[in-house]
Amino acid sequence: MTHEMYQCDKIFRTTFFLTYRNFTTPVQFLEKLISRYMIRGPKSSLRDSNFHTRVKQPIRIKIIGILKQWLTDYYLDFEEDQELRKNFEEFLFGIVKETLPWGANILQGIYDNKRRRNSNPPITNQLSPKSNDSIFESQFIKMNINDFAEQLTLAQHKLFTSISYKECLGKNWTRSNKFRIAPNLSQMIYQSQKITNWVTLTIDEETDSNNKIDLFKKFVDIAEKCREFRNLNLVFEIISGLERTKISLEMEKNLIKYSQLLNLIGSQNDQQGLREILKNIIPPIVPPIVIITNDLARNEDTTSDWSEGLINWTKQEKFAELIGEIQALQLHNYLFLIDNDFQNWIASKFSDGLNIKNMMDSEELQSSTSLDITN
């Protein structure tokens with residue numbers, strides 16, 4: 001990326017920034033850039049007055065470009081790493097400002113703007129009183145299907161669009177400190193499992209057989225509406241929950257709509273029906289989180305990061321492709337109106353009032369919550 005004679009293509013650089021944490025760290029990467037910036041030629045170059053113009057200056061200009069892209073598109077690295085910020089500031093306000101003042105001004109402008117934008121702490125949702133939970137629970141059978149599907153879709157889409165590129169590497173969502181290194185992806189998996197379990201228990205714990213069937217049909221209608229809204233994640237969660245109920249086989253025979261949705265999601269192993277839809281679907285969309293994690297995990301598990309002592313670039317390109325697909329879907333928003341009471345109920349019901357900051361700060365809570373991405 002910094003060779004004085006060759007131009008680094010955009011795709012290569014993007015792939016590098018999305019995946020370099022697989023083989024180095026942000027601090028180490030910056031150290032390499034600084035070392036390269038301070039290049040010294042061979043002894044013979046001391047007598048070559050053109051070395052600075054032909055070699056050193058082009059390299060430094062390219063490094064300014066790399067740092068510019070890093071700050072612009074991947075500032076999250078700096079936001080989360082105090083050591084990286086310290087080393088970068090020392091380099092920027094010292095060496096770069098002295099040797100390339102115009103470059104230092106460009107980088108400082110971007111850096112200052114990013115810091116200002118990220119200086120405000122995130123606003124966390126406050127949960128409604130518990131009494132609201134019981135109201136939603138008791139009136140579930142009477143709830144408007146469209147409203148229910150809309151609000152769940154908004155909640156899940158918010159989580160999906162918050163997933164960062166860093167969360168997708170190294171199967172971070174399976175680690176003991178997953179809520180620190182992959183908070184949004186881990187929370188989405190957690191919530192998905194909760195919804196699936198809720199669907200199953202809501203039906204199986206109903207003692208009246210007629211009510212049981214009505215509840216089953218209600219969930220099928222919600223899943224169908226979510227399919228219409230392109231929330232394929234919720235379709236998968238609901239149908240998976242229904243499939244585990246005691247009356248699933250009976251309903252599959254008598255309810256055509258349910259049978260069609262079962263065929264849509266495919267088997268638990270490949271989700272082939274959902275994958276086919278994903279190929280041609282128009283955003284906004286909430287893709288099935290199980291497909292995202294399975295594809296990322298497969299690329300992680302089936303190929304090595306290194307090949308004959310060199311970085312396995314084919315593997316990194318595949319990661320960049322998968323992350324790029326996620327980022328492309330994250331650009332589109334739903335236009336549904338937010339119902340704050342409904343959103344509070346969703347947070348309380350399916351996240352157990354989960355406070356991600358507390359989860360990150362507490363090793364005990366981190367180790368007590370196990371997320372299984374294979375189901």
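Me: Why does Trp345 count as buried?

Reply: Trp345 has a relative accessibility of 2%. Buried means under 20% relative accessible area, exposed means over 50%, and partly exposed is in between (1.4 Å probe, protein chains only). The value for Trp345 falls under the buried limit, so the residue counts as buried. A word on where this comes from: the model is predicted, so local features need pLDDT of at least 70 and side-chain atom pairs count only at pLDDT 80 or more, while totals for chains, interfaces and linings use all residues. Residues are numbered from 1 along each chain as its sequence is written, and side-chain values use heavy atoms, with hydrogens and water left out.

Me: Thanks! How much of the chain is buried, and how many helices and strands does the chain have?

Reply: Of the 375 residues, 48% count as buried. The chain has 20 helices and two strands; these are DSSP runs numbered from the N terminus, with helices being H or I of at least four residues and strands E of at least two.

Me: What makes the Phe17 and Tyr74 pair stacked?

Reply: The structure holds 30 aromatic pairs. In the pair of Phe17 and Tyr74, the ring centres are 5.0 Å apart and the planes are at 15°. Rings of Phe, Tyr and Trp (its six-membered ring) pair if their centres lie within 6.5 Å; planes under 30 degrees apart are stacked, over 60 edge-to-face, and the rest tilted. As for burial, Phe17 is at 0% and Tyr74 at 6%, and both residues are buried.

Me: And why is the pair of Phe342 and Trp345 edge-to-face?

Reply: Here the planes stand at 75° with the centres 5.8 Å apart, so the pair is edge-to-face. Phe342 and Trp345 are three residues apart in helix α18 (residues 340-351), which means about one helical turn between them. Phe342, at 6% relative accessibility, counts as buried.

Me: Which residues do ring pairs link into a cluster?

Reply: The cluster includes Phe16, Phe17, Tyr20, Phe23, Trp70, Tyr74 and Tyr111.

Me: How do you know that Lys86 and Glu90 form a salt bridge?

Reply: A salt bridge is a side-chain nitrogen of Lys or Arg within 4 Å of a carboxyl oxygen of Asp or Glu. For Lys86 and Glu90 the N to O distance is 2.9 Å, so the pair qualifies. Both residues sit in helix α5 (residues 82-99), four residues apart, about one turn of the helix. Lys86 has 47% relative accessibility and Glu90 has 49%, so both are partly exposed.

Me: Why are α3 and α6 called roughly parallel?

Reply: The axes of α3 (residues 51-73) and α6 (residues 101-117) come within 10 Å and cross at roughly 5°. Axes are lines fitted to C-alpha atoms, for helices over the stretch in contact, and angles run from 0 to 180 degrees between N-to-C directions. Angles under 35 degrees count as roughly parallel, over 145 as roughly antiparallel, 65 to 115 as roughly perpendicular and the rest as oblique. The two helices are therefore roughly parallel.

Me: Which residues of α3 and α6 meet?

Reply: Contact means heavy atoms within 4.5 Å. On the α3 side the residues are Ile61, Ile64, Leu67, Lys68, Leu71 and Thr72, and these meet Trp102, Gly103, Ile106, Leu107, Ile110, Tyr111 and Lys114 in α6.

Me: What makes Gln191 buried, and which residues is Gln191 in contact with?

Reply: Its relative accessible area is 5%, so Gln191 is buried. Gln191 lies in helix α10 (residues 183-204). Leaving aside neighbours within four places in sequence, Gln191 contacts Gln156, Leu159, Ile346, Phe350 and Ser351.
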